[in-house]
Amino acid sequence: VVFEKLLSKDLVRKIIDVAEKNGMPLVLEGSKNHWISEKGFENDPFVDYLWESLGEKAKPLRGYSDEIEISKFSADIIEGTNFDAIRRELESEFDILVHDQDTVEFVPHGVTKATSIAWICKEYQVPIEQTYAIGDSVNDLDMLSFVGHGIAMGNASAAVKEKAEYITADIHEDGVYKAMKHYGLI
């Protein structure tokens with residue numbers, strides 16, 4: 001990890017309290033671990049994938065704990081979720097990215113993937129024209145606009161494909177490899 005901005009313990013406690021009060025299951029995302037609500041994701045194949053792929057780095061979320069260190073979080077809007085209340089309580093701290101009608105990502109204001117790339121470019125003196133980024137979702141839009149060469153996965157959302165300089169194959173069809181070949185990076 002070369003750049004990370006963790007949320008304060010007080011903000012993490014607030015997130016968990018607001019979500020529990022308003023019926024929203026969470027995936028709290030950190031560089032070391034992810035904490036995942038045990039209820040509410042029963043019909044979410046992506047969360048099943050997280051449990052399987054993260055192994056011991058996937059932790060059950062059972063209320064607030066001081067060990068929770070995260071930089072952002074995502075959630076599902078399920079039956080009974082009061083998303084309007086959640087939005088009102090958290091919009092002062094987060095950009096709220098609605099991926100589809102039931103998946104939401106909360107990213108701290110002023111901290112995007114582009115922020116990280118800018119930091120890396122400055123720290124390692126890399127000209128922005130020599131940067132590449134690959135994305136597939138709305139949380140990648142700032143990054144794809146910022147870098148010298150924005151690449152969309154074949155399975156990317158329409159908004160990401162519109163922003164990209166190049167569209168590669170689907171993630172399950174070696175899209176990253178094919179993008180690297182296209183640009184002569186490998």
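Which strands does helix H3 (residues 83-90) lie across? The answer is E4, E5 and E6, and the helix runs at about 150° to E5.

## About the model

This is a predicted model, where local features need pLDDT of at least 70 and side-chain atom pairs count only at pLDDT 80 or more, while totals for chains, interfaces and linings use all residues. Residues are numbered from 1 along each chain as its sequence is written, and side-chain values use heavy atoms, with hydrogens and water left out.

Helices (H or I, at least four residues) and strands (E, at least two) are DSSP runs numbered from the N terminus. Two strands pair if DSSP finds at least two bridges between them, and contact means heavy atoms within 4.5 Å. Axes are lines fitted to C-alpha atoms, for helices over the stretch in contact, and angles run from 0 to 180 degrees between N-to-C directions.

## The six-stranded sheet

Let's start with the open sheet of 6 strands, which has the order E3-E2-E1-E4-E6-E5 and mixed pairing. Strand E3 (58-61) and E5 stand at the edges with a single partner strand each, so one side of each is left without a neighbour in the sheet. From one strand to the next, the twist averages 20°.

Strand E2 (residues 34-37) pairs with E3 in the parallel sense over 4 bridges, and here Ile-36 stands opposite Pro-60 in E3.

## The three-stranded sheet

There is also an open sheet of 3 strands, with the order E7-E8-E9 and parallel pairing. E7 and E9 are the edge strands, each with a single partner, so one side of each is left without a neighbour in the sheet. E7 and strand E8 (residues 149-152) pair in the parallel sense over 4 bridges, with Ala-133 opposite Gly-150 in E8. H7 packs on this sheet, touching E7, E8 and E9, and its direction makes about 150° with that of E7.

In a regular strand the side chains alternate between the two faces of the sheet. In E7, Ala-133 and Gly-135 belong to the covered face, whereas Tyr-132 and Ile-134 belong to the uncovered one.

## The largest pocket

The largest pocket has a volume of about 1600 Å³. A pocket here is an open set of points on a 1 Å grid over the protein atoms alone, where a 1.4 Å probe fits, with protein on both sides within 12 Å along at least five of seven lines; lining residues have an atom within 4 Å of a point. The volume is the space filled by probe spheres set on the points.

Of the 49 lining residues, those closest to the centre are Glu-29, Lys-72, Glu-105, Lys-113 and Asn-139. Elements that each supply at least two lining residues include strand E1 (26-29), helix H4 (113-124) and strand E7 (132-135).

## Two loop residues

Gln-125 is found in the loop between H4 and E7, and its phi is near 50°, a positive value in a residue other than glycine.

Asp-174 is in the loop between strand E9 (166-167) and helix H7 (175-182). Phi of Asp-174 is near 60°, again positive in a residue other than glycine, and Asp-174 counts as exposed at 51% relative accessibility.

Notes
Buried means under 20% relative accessible area, exposed over 50%, partly exposed in between (1.4 Å probe, protein chains only).
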